[in-house]
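Subject: Handover of a structure

Dear colleague,

I am passing the structure below to you for your files.

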Amino acid sequence: MDRQSLVKPPLVMGIVNVTPDSFSDGGRLATQEAALAHALRLIEQGADVLDIGGESTRPGSDPVREDEEIDRVAPLITALRARWDGVISIDTMKPGVARAAVEAGATMWNDVTALMHASDSLATAADLGCAVVLMHMKGAPKTMQDDPHYDDVVAEVVAHLAARAEAAMTAGVAREKIWLDPGIGFAKTTVHNLMLSARLEALVELDFPVLYATSRKRVVQGVDASAVQASDRLGGSLALALEGVRRGARMVRVHDVRETVQALKLQAAVAAMAPGRSAS
């Protein structure tokens, strides 16, 4: 058997936060030099996509001025594009930042507000013509975790994202450019996050590719109370990534690229040996 013939695992999006207040790295990548070096390491480790962010969206975070956010991300994207021809995503809710990022070389816009932050978000996405990730979130990062409530979290998230995808297409965004993200950890309790993960197929059934982002998030601590620090959550992050892919996610957004790539390779290798699959 040719072991290299195994089906390639789903896409891995590596996280590069150029912020002084990231929940995971605590500002370790706040300088352009450090961020670029980290991005290049993630590429070496197997990242298919790099998600560049200049504004933290962790619970309780404060907003950043648009010009400051552009100053953080645009030079990094320019430098990265000069060294790599892969997919670069800009993680922002601001249309002006997205435009500057695409001009610098980004080809995907990852928006935690599903293009609802500004009146021109939809029109900007259509004009840019890049891939767009529409994520579910209620409220704003500053207060989203105060007391999130849903009557049926799965049905409400799916309905909201279906409506946002329709709004994007009506505005002129091509259907094949749209990705959906259930927004694990954004205005959701541990139970909400686990329910969305357990029923991810409900979102997959909308027939848009799904991005599943659970890396180092508090849902891990919600199940394992000992995982207080973000750095303590690797095991839980890998378990969730594998479960998300098993339930249909096409891409996982992670901090720990090398470990996730390895886990997905093993998952694919085992799946290739399942009854009914050819081993030659």
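In what follows, a residue is called buried under 20% relative accessible area, exposed over 50%, and partly exposed in between, with a 1.4 Å probe and protein chains only. Helices (H or I, at least four residues) and strands (E, at least two) are DSSP runs, numbered from the N terminus.

This is a predicted model, in which local features need pLDDT of at least 70 and side-chain atom pairs count only at pLDDT 80 or more, while totals for chains, interfaces and linings use all residues. Residues are numbered from 1 along each chain as its sequence is written, and side-chain values use heavy atoms, with hydrogens and water left out.

Overall picture

The protein chain has 10 helices and eight strands. It comprises 280 residues, of which 51% count as buried. Contact here means heavy atoms within 4.5 Å. Among contacts between residues at least 6 apart in sequence, 68% join residues at least 24 apart.

Helix 9

Just after helix 9, Gly-248 has a positive phi of about 115 degrees.

Strands

Two strands are taken to pair if DSSP finds at least two bridges between them. Strand 1 (residues 11-17) is mostly covered, with six of its seven residues buried. It runs parallel to strand 8, to which four bridges join it, and Val-12 stands opposite Val-252 there. Strand 1 also pairs in the parallel sense with strand 2 (residues 49-53), over five bridges; in this pairing Asn-17 stands opposite Gly-53. Elsewhere, strand 5 (residues 131-135) and strand 6 run parallel and are joined by four bridges, with Val-132 opposite Ile-178. In strand 6 (residues 178-181), Ile-178 and Leu-180 point one way and Trp-179 and Asp-181 the other, yet all are buried.

Ala-104 belongs to helix 3 (residues 95-104) and is buried, with a relative accessible area of 15%. Beyond its neighbours within four places in sequence, Ala-104 is in contact with Ala-74, Ile-77, Thr-78 and Arg-81.

A salt bridge is a side-chain nitrogen of Lys or Arg within 4 Å of a carboxyl oxygen of Asp or Glu; the structure holds 12 of them. In one of these, the closest N and O atoms of Arg-99 and Asp-127 are 3.0 Å apart. Arg-99 lies in helix 3 and Asp-127 in helix 4 (residues 121-128), so the pair ties together parts that are 28 residues apart in sequence. Arg-99 is partly exposed, at 30% relative accessible area, whereas Asp-127 is exposed, at 53%.

Another salt bridge brings together the side chains of Arg-247 and Glu-201 (3.0 Å, N to O). This pair links distant parts of the chain, with Arg-247 in the loop between helix 9 and strand 8 and Glu-201 in helix 7 (residues 201-204), 46 residues apart. Finally, salt bridges that share partners join Arg-65, Asp-67, Glu-68 and Arg-72 into one network.

Yours sincerely
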